[in-house]
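Look at the sequence and the structure below. The paragraphs that follow go through a few pairs of residues, a pair of helices and the nonpolar cores.

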Amino acid sequence: MAAETAPPLQERERVGLALRAARKAASISTQAGADAAGISVPMLGSIERGSHSLTSISVGNMSRLNKAFGLTWTEFISVLLPVYESYLPYLKRQFENGNNRPADYDPQVPKMRSIRYGGIIGAGVNPLAYAAESSQYESIPDFPEVERYDNDDLLILKVTGDSMVSEDVQETIWPGSTIILNTAIEPLPGDIVACWIENEGVGVLKVFAPIDGYLMLTSYNKRHLPIILSEENPGTIQGVYVGQMALGRRAHNRKPPLRSM
């Protein structure tokens, strides 16, 4: 597909995450959602991952695609418009001709919120730098783990590397996942944190595990050695994990920290 005929992958992923969140909120399985929309399960999965652009879907199929996610047609369009407005102009016309807040509006449909995007953080042997003061923003579903926090305190990062891949899939942060950090709360033992390693000029994603007077950072993947912070190897905790979105895979299941605000 030519680049100009479809939104960039990152923008399609944003839409897919919002649609997946809506389907989950409506307790619709992938099979039930695919059946309701008249598409295959692999097709539904590719839409939620953003790998399949909605510009390649016929108007007839699009007209019932909202059923896969438990959304009214107007709600479905409202999720698509920020990304697909210039690619599928008929959606905006239909949205403007309808009711912006239909009678059957469901408050459980995820709202979108704009959060700073800091780039890529390493969970592996070759971590990358990220920008904690980034001026770039991304829209994500306002899911329960983050709705209580102020936008100014949150930062989105993409994960690379396998040091947070656990033998327990429910405690895994997969490479490619999008994580959300709160930069305003203090870490407690066991929290997942982003730490800036001063000597190397990189950020790493690890478990905060202070022990016997040492500030230690550990990994889920036991093949990765702990990092010990000291005067010789200084580091700064720059945020505490409060949520994650994992595309196409089971997300990290550890409860994020709840702090008094």
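Asp162 has a relative accessible area of 30%, so Asp162 counts as partly exposed. In this predicted model, the side chain of Asp162 meets that of Arg223 in a salt bridge, with 3.4 Å from N to O. The two residues come from distant parts of the chain: Asp162 is in the loop between β3 and β4 (178–182), Arg223 is in the loop between β7 (215–218) and β8 (227–229), and 61 residues separate them. Arg223 has a relative accessible area of 68% and is therefore exposed.

The loop between β3 and β4 also holds Ser166. Is Ser166 buried or exposed? Its relative accessible area is 19%, and the limit for buried is under 20%, so Ser166 counts as buried. Leaving out residues up to four places away in sequence, Ser166 touches Glu171, Thr172 and Tyr220.

How many salt bridges does a search of the whole structure find? The search finds three. Another of them joins the side chains of Lys158 and Glu13, at 3.4 Å from N to O. Lys158 belongs to strand β3 (residues 154–160) and Glu13 to helix α1, so this pair ties together parts that are 145 residues apart in sequence. Lys158 has a relative accessibility of 15% and therefore counts as buried. Glu13 has a relative accessible area of 15%, so Glu13 is buried.

There is also a salt bridge between Arg23 and Glu48, whose closest N and O atoms are 2.6 Å apart. Arg23 is in helix α1 and Glu48 is in helix α3, so the pair ties together parts 25 residues apart in sequence. Arg23 is buried, because its relative accessible area is 3%. Glu48, with a relative accessible area of 6%, is therefore buried.

The two helices that hold this pair can now be described. Two packed helices are described by the angle between their axes and the distance between the axes. Helix α1 covers residues 9–25 and helix α3 covers residues 41–49; they pack at an angle of about 120°, and their axes are 6 Å apart. Angles of 65 to 115 degrees count as roughly perpendicular, and those over 145 as roughly antiparallel. The helices α1 and α3 are therefore oblique to each other. Which residues meet where α1 and α3 pack? From α1 come Glu13, Gly16, Leu17, Leu19, Arg20 and Arg23, and from α3 come Leu44, Ile47, Glu48 and Arg49. By class, this contact has four nonpolar residues, one polar residue and five charged residues.

Leu19 leads on to the nonpolar cores. The largest core has 26 residues, and those that touch the most other members are Leu19, Met62, Leu65, Phe69 and Leu80. At least two residues of this core come from each of α1, α2 (30–37), α3, α5 (73–84) and α6 (89–97). Which helix gives the most to this core? Helix α5 does, with seven residues. Apart from neighbours within four places in sequence, Leu65 is in contact with Ala37, Ile39, Ile47, Leu54, Ile57 and Phe76. A second core is separate and has 20 residues, including Tyr117, Ile140, Ile180 and Val204.

Methods. Residues are numbered from 1 along each chain as its sequence is written. This is a predicted model: local features need pLDDT of at least 70, side-chain atom pairs count only at pLDDT 80 or more; totals for chains, interfaces and linings use all residues. Side-chain values use heavy atoms; hydrogens and water are left out. Axes are lines fitted to C-alpha atoms, for helices over the stretch in contact, and angles run from 0 to 180 degrees between N-to-C directions. Helices (H or I, at least four residues) and strands (E, at least two) are DSSP runs, numbered from the N terminus. Angles under 35 degrees count as roughly parallel, over 145 as roughly antiparallel, 65 to 115 as roughly perpendicular and the rest as oblique. Contact means heavy atoms within 4.5 Å. Ala, Val, Leu, Ile, Met, Phe, Trp, Tyr, Cys and Pro count as nonpolar, Asp, Glu, Lys and Arg as charged, and the others, Gly among them, as polar. A salt bridge is a side-chain nitrogen of Lys or Arg within 4 Å of a carboxyl oxygen of Asp or Glu. Buried means under 20% relative accessible area, exposed over 50%, partly exposed in between (1.4 Å probe, protein chains only). A nonpolar core is a set of buried Ala, Val, Leu, Ile, Met, Phe, Trp, Tyr and Cys residues joined through side-chain atoms within 4.5 Å.
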